[in-house]
Amino acid sequence: MSERTYIVAVKSDKRELVSPDWIKQLDDVPGVKVQNKTPSQAVISADDEGINHVRRQFKDSFIIEELLQRS
Amino acid sequence: MAQFVIAPRISGQPAAKNLRRARTRAVAAQFSGFADSAAAEATPELGALIVEGEKQEFESKQAELADDYIVEELKPRRPSLFTAAAASPPGMEQLPSGIGATVELTATCEGTPLSGAMASVSFVAFRGFVTTTFESTDSSGRAVFAYDPQVWIPFTITVVPLSRAWAASSIVTGSSMKMSLPALPKNGPLGWWKRLLGVSGSDAQLGEGIRVGVVDSGVGPHPALAHVKKVGAFLNGAYLSEPDETLDVGQHGSHVTGIIGARPAQGSGGFEGISPGAELVAARIYPGGGKLPEPTGFATNADIANAILALSQDEKCDIINLSSSGPMRSATETDRINAAFDSGTLLICAGGNGGGPPVLFPAAEPNVVSVAGLGMANTIPLGVLDVLTFPTQADRYSVTGLFSANFNSLGFEIKTSAPGVGIISTVPATSTEGAPYVAMSGTSMATPCVAAALAIILSRDPQYRTMPRNRERSIHAWRLLGSKLRPLGLSLPYQGYGMPIV
């Protein structure tokens, strides 16, 4: 199954609603590996099943999108 | 283990397609149980099997095949591009670096060698393919490009110096090329772009009290940038908070920062930033370690978003300069830009160097000031690389001699335009030069011109400086900037609403 890199970022207007252990919850999702994190954002690698799970579980308070290049 | 190709011989035979399928199926059956894997995945319609097995075992099996099968070892093929990477693909025998011919370059400026310059030669193949290969010049200003003369013809050579000289390009006229690059002007602090923006002299107070963040490849070391606050690096989602992590991994960030607020020592002959009184805060988002022509590597939307958040919320910047862009919209960037806007921070973003529509992201977002680049015909020596930014369309030239540079990404999202061709600014010090300067072109250079002009405008507005950090403050800043934009007589996608004049 192909793995891709994604951003999971706390929506700016939902900061108060987010559980303090959201990174741990993210890391516990099968097929997901947290690569790096800050208090408001995580960069993860995930397979298709893993990212679908993340989207279902986190979509209300988080932005979930692929990592994009900028130059 | 080795890989072999088995294919029925079909040239000159009637009903080749059906014959090919039947024979391929037959040979697949013959090899099943012997070959490792690839035969099982073979597509009979394609008529060729890739079989993996021990060479000796394979050769004995091969004898059982009829003569009308072609059997040979699998041979790697690669794109016909002459690049350093293609010269040594993994798993292949290393080719010698020189394969027939060379172009040898010696680059100088005012009689002294230009070391560390990025040199490139573009080659055209007899079949029309074009490729470019890059080298750095050594301490004697020399770089050598090897190529296969049976495939490639060198046609242009380009030198982008680390400092002191303009970048230049030339037709390759022989195997030994000597290029003497024109020296950059030493005009003291005032560049033409400053005069155009309405700055008529050196004034250390310009932009005072305004905090400008720069999200880029880092900053310095350079004596004219020693005052810049360094907040670290945002890389692949991580934050490295040590100030040294902010040091420039290329030249781009130092150049951009210097355009806004370089403070050269008095009488040094160095170019001064447009708003040297502004407080500057730098964050690095490029990883470095890339290869020429992109030694900084690539940034990501994750790191831009994190840097915007830090410079807006933690560092309380009034303005953030972002001279980076990409073709895809990012919801994370948009969220952080909007949050910054709601906290009184206005982003100034490079529209991109796509050379046509569309405007790139995040410059195409509504809550940012997107910038296109302008040039001025008589400010650049003929023959230097920046001349290639001159457009050929008449409607891109204003009556004043300003033009919309041909690298601009175009669209109705462009809100302003500013000088961005042949802009001279600071780059990191080297072992040989303590305070170097270089000329660069792009919307990356136009963007800090707008950021600096806005810093001057805001610093002169007593109301702005007392306003709480909220959305109204950003709207007030945008209105002030809008009131200072002067239309140039160009269409909206070229100039936006005009160029700021302070």
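These points concern the interface between chain A and chain B in a predicted model.

1. Extent. Chain A contributes 21 residues to the contact, and chain B contributes 31 residues. Together the two chains bury about 2000 Å², with 46% of this area on carbon and sulfur atoms. On the side of chain A, 36% of the area buried against chain B comes from A:Leu68, A:Arg70 and A:Ser71, more than from any other three residues.

2. Polar pairs and the salt bridge. Between chain A and chain B, 17 residue pairs are in polar contact, counting pairs with both residues at pLDDT 80 or more. The interface has 1 salt bridge by the rule applied. This salt bridge joins A:Arg70 to B:Glu333, and their closest N and O atoms are 2.9 Å apart. A:Arg70 is also one of the three residues named above for buried area.

3. Elements on the side of chain A. Five strands of chain A each give two or more residues to the side that touches chain B: strand 1 (4–10), strand 2 (32–38), strand 3 (41–46), strand 4 (62–66) and strand 5 (69–70). Strand 2 of chain A has the largest share, 4 residues. By class, this side of chain A is made up of 7 nonpolar, 8 polar and 6 charged residues.

4. Strand 5 of chain A runs antiparallel to strand 16 (residues 299–300) of chain B, and 2 bridges join them. Within this pairing, A:Gln69 is opposite B:Thr300 of strand 16.

Conventions
Residues numbered from 1 in each chain as written. Chains lettered and ligands numbered in written order. Predicted model: local features only at pLDDT ≥ 70, side-chain atom pairs only at ≥ 80, totals over all residues. Heavy atoms only, no water. Contact = heavy atoms within 4.5 Å. Buried area = accessible area lost by both parts, 1.4 Å probe. Salt bridge = Lys/Arg side-chain N within 4 Å of Asp/Glu carboxyl O. Polar contact = N/O pair within 3.5 Å; in protein donor to acceptor, adjacent residues only side chain to side chain. Nonpolar A, V, L, I, M, F, W, Y, C, P; charged D, E, K, R; others polar. Pairing = 2+ DSSP bridges.
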